[in-house]
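Morning, everyone. One chain today, and a quick walk through its geometry. Please look at the screen.

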Amino acid sequence: MIILGIETSCDETGVCIIEANQIKNNTEIKVLGNQLYSQTKIHEQYGGVFPVMAKREHAKNLVPLLEACLKEANIKIDSGFKIQDSDLVSAKKILEREGELFEILNKFLEKVEKPNIDIIAVTNGPGLEPALWVGVTFAKALSIIWDIPVIPTNHMEGHIVVASLQKVSSTKYQVDSTKSSLKQSTIYNLQSTNYPALALLISGGHTQLVLIKENLNYEIIGNTCDDALGEAYDKVARMLGLPYPGGKIISDLAQKEELEFPDKKTVYPLPRPMIKSKDLNFSFSGLKTAVLYTLKKIDKITEEIKQEISLEFERAIVDVLKSKTEQAIFEYNPKTLIIGGGVSANTRIRCELKKVCDKHQMDFLLPDISASTDNALMIALAGYIRNLKCKYQNEKLDFRADGNLSL
Ligand code: KG4
Ligand code: ZN
């Protein structure tokens, strides 16, 4: 089965084509094409994502990314297929609020034949609603024009399922029996999960502990009371005069500090918010404010001080994440821990949570670093898994973009 994934929930425009094959008890996922355009340079000047700008950029970039992805994937064409004029009219109506997107799409359709794609998966939430709508309407238009079912996909489910991909190889394979060219492609196995599983989702918009009782059955057992973890990283980075998004930069500074001064006790101690609370909720706004007050007391914020504060900030975060995760493990006794979301790219968090899993003899599923931050591979995969459960039909086009969509 071939799946096209489309992601536009925030400031990354992603288009991905995967092929999923069930081979005995194993599901093999071949990434045929994976294109991502990051808008971070555009939003950097605002210190965060500017929704109207994000929407415009998605509308501009979706078709070129789809074209590049199809070229990369080099999949077969449905040569007998002819686009119906009435379907083009319907697609135009669906895209009427998306500026020039229909015109760009129409030009593209004049030169590209219908590819053999079985389903389209698109993020319909959570995220920035104007940005989500571009992807949703684009996917619906393609669905009508090419007569392919479309699956609304939860972005957070994407972050969860992508952790189950275990890289097998980057293999050369024959693209098409009629062609002699070989293509390099990444192949994954979809690892089966031992349930119940616990997912720690840490991204720019979410900080959640989710109990997964069985495949696709979620209960949110912990949530942030204020800022999401990635948001706290980005805001603290801004206070330290670092560019957006600052998570990776803080992480690098913290690592440098630890390497240079492994035994140093910080002179800027920070709180571990809610570490002693009986529930499984988080709060990172107090930690961010504590950094602000610390910085206010310092006359000159040198590179050394930035490093030292970055390390203490990360240590505070890791202490809280470990403590809450262990608390959830004691309460729910899961067999697997999954981490997902952009902040799960963080080396310290990955290492420390691995220790927690080892201590409790649990499986640990974590995404490739490259698939931790937003991408369309996770959406294609989530769409594939959803479709196994409930087969999607063309007529299901009445779904909406929902910025607050819950798992
Ligand atoms: O999942 P994601 O790509 O977008 C949302 O769905 O929100 O997460 C983006 C967040 C940003 O706040 C970014 O600063 C953070 O992930 N991030 C990191 C790292 N890489 C990205 N935070 C800490 N350490 C990292 N290595
Ligand atoms: Zn995300």
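In which loop is Pro-126 found? Pro-126 is in the loop between β4 (119-125) and α5 (129-146). Helices here are DSSP runs of H or I with at least four residues, strands are runs of E with at least two, and both are numbered from the N terminus.

Ground rules, quickly. This is a predicted model: local features need pLDDT of at least 70, side-chain atom pairs count only at pLDDT 80 or more, and totals for chains, interfaces and linings use all residues. Residues are numbered from 1 along each chain as its sequence is written, chains are lettered from A and ligands numbered from 1 in the order written, and side-chain values use heavy atoms, without hydrogens and water.

Pro-196 lies in the loop between β7 (182-190) and β8 (197-202).

Now phi. Asn-333 is not a glycine, yet its phi is positive, about 50 degrees. Find Asn-333 in the loop between α10 (303-332) and β11 (336-340). Gln-361 also has a positive phi, near 50 degrees. Its loop runs between α11 (347-360) and β12 (363-365).

Buried or exposed, Asn-333? Exposed, at 59% relative accessibility. Gln-361 is exposed too, at 75%. The cut-offs: buried is under 20% relative accessible area, exposed is over 50%, partly exposed is in between, with a 1.4 Å probe and protein chains only.

Next, a helix pair. The axes of α3 (residues 85-94) and α4 (residues 101-111) come within 10 Å and cross at roughly 150 degrees. Axes are lines fitted to C-alpha atoms over the stretch in contact, and angles run from 0 to 180 degrees between N-to-C directions. So α3 and α4 are roughly antiparallel, a label for angles over 145 degrees. Contact means heavy atoms within 4.5 Å. On α3, the contact uses Leu-88, Ala-91 and Lys-92; on α4, Phe-102, Glu-103, Asn-106 and Leu-109.

Finally, the whole chain. We have 12 helices and 12 strands. The C-alpha atoms fill a box of roughly 70 × 45 × 40 Å along the principal axes. Of 407 residues, 53% count as buried. Take contacts between residues at least 6 apart in sequence: 74% join residues at least 24 apart.

That's the tour.

Methods:
Angles under 35 degrees count as roughly parallel, over 145 as roughly antiparallel, 65 to 115 as roughly perpendicular and the rest as oblique.
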